[in-house]
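The following note is meant for a colleague opening this entry for the first time. Please keep the structure in view while going through the numbered points.

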Amino acid sequence: CFIDGGNKRNAIAREACAIIGFSQESLKKVTDIFTATLAEIKSEFSISDSGVDGSFVESSWNGSVIDKETALNLISSLNGVPHGVLSMSAEMNGLVETSTNLASVKMPEEGIIRIGTSQRSSIDSAKYYAAEIIEAAFLTAGAEVTHESEYPGWKPVLTSRILDITRESYRRLFKTEPVVRAIHAGLECGLFLTKYPYLDMISFGPTLRNVHTPGEKLELASLDKFQALLYDVLKNLK
């Protein structure tokens, strides 16, 4: 009857719900399937996501329902679409290179099911191919597919003058060796490079927790440290 899950394309879905219809005679069977499936999911993710949970309650619905063919295509496409890490970097150990996020499933109006996904990679060709994989899965299910809001990658450059200056500033200020790493995230640096491909760039900042969630927080203790480093790097770039 209805499905609603996730929200923003650049965030992993936190929750989802669906209203389903079935005969009263099937209640016990449906309840048993739900209970067994939930137990399997909780066991599977007991380490990586120990808080995962679900509930099955009586509801009501006065609107129209999805026809059986559309419902099958929807379920098949959601099961068939990749979600998560697609490849790891060959240059930097432990760095995710390409991923795809099945971000949201919405029914904004009657007769419309809208699914949002996001593909991310430090290599543009890999990102485009990931998007083609997602498109193929939904086209097979009879969906219309559009691509929008492209976000370019930013490939790490470890032979960088500004990286060397920032490293030296960090050592001098904090008397310890900085940890330099690349992360799998969308940053404005990639957008800058499309306009100014010869820029030398680095990204750093204060410590953030639970980014892109309602519980996003800034660690205030790291703010002064970040400010001191920024000032010192700018001074040494003159």
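1. A residue is called exposed when its relative accessible area is over 50%, buried when it is under 20%, and partly exposed in between. With these cut-offs in hand, K235 counts as exposed, because its relative accessibility is 51%, whereas D232 counts as buried, because its relative accessibility is 8%.

2. Before going into detail, please bear in mind that this is a predicted model. The mean pLDDT of the protein chain is 91, and 100% of its residues reach 70 or more. Within the protein chain, confidence is highest in helix 1 (residues 27–44), at a mean of 96, and lowest in helix 5 (residues 188–195), where the mean is 86.

3. A search of the whole structure finds 12 salt bridges, and one of them joins K235 to D232, with the closest N and O atoms 3.6 Å apart. Both K235 and D232 lie in helix 6, three residues apart, which is about one turn of the helix. Salt bridges that share partners join E168, R171, R172, E177, D232 and K235 into one network.

4. Which parts of the chain does the pair of R172 and D232 link? The side chains of R172 and D232 meet in a salt bridge, at 2.4 Å from N to O. This pair links distant parts of the chain, with R172 in helix 4 and D232 in helix 6 (residues 223–237), 60 residues apart. The two partners fall into separate accessibility classes: R172 counts as partly exposed because its relative accessibility is 35%, while D232, at 8%, counts as buried.

5. R171 and E168 are separated by about one helical turn, because they stand three residues apart in helix 4 (residues 161–174). R171 has a relative accessibility of 30% and therefore counts as partly exposed, and E168, at 40%, likewise counts as partly exposed.

6. With a relative accessibility of 49%, E150 counts as partly exposed. Leaving aside residues up to four places away in sequence, E150 touches K127 and Y128. The side chain of E150 makes a polar contact with the side chain of Y128, at 2.5 Å, although the C-alpha atoms of E150 and Y128, which are 22 residues apart along the chain, are separated by 9.7 Å.

7. Helix 2 (residues 68–80) has 13 residues, and its reach of 18 Å from the first C-alpha to the last is close to the 18 Å expected at 1.5 Å a residue. At the start of helix 2, a side-chain oxygen of D67 comes to within 3.2 Å of the backbone nitrogen of E69.

8. Is S89, in its loop, buried or exposed? S89 is found in the loop between strand 3 (84–88) and strand 4 (96–106), and S89 is buried, because its relative accessible area is 16%. Not counting residues up to four places away in sequence, S89 touches L95 and E97.

Conventions. Residues numbered from 1 in each chain as written. Predicted model: local features only at pLDDT ≥ 70, side-chain atom pairs only at ≥ 80, totals over all residues. Heavy atoms only, no water. Salt bridge = Lys/Arg side-chain N within 4 Å of Asp/Glu carboxyl O. Helix = DSSP H or I, 4+ residues; strand = E, 2+ residues; numbered from the N terminus. Buried < 20%, exposed > 50% of the residue type's maximum accessible area, 1.4 Å probe, protein only. Contact = heavy atoms within 4.5 Å. Polar contact = N/O pair within 3.5 Å; in protein donor to acceptor, adjacent residues only side chain to side chain. pLDDT = per-residue confidence, 0-100. Expected span 1.5 Å × (residues − 1).
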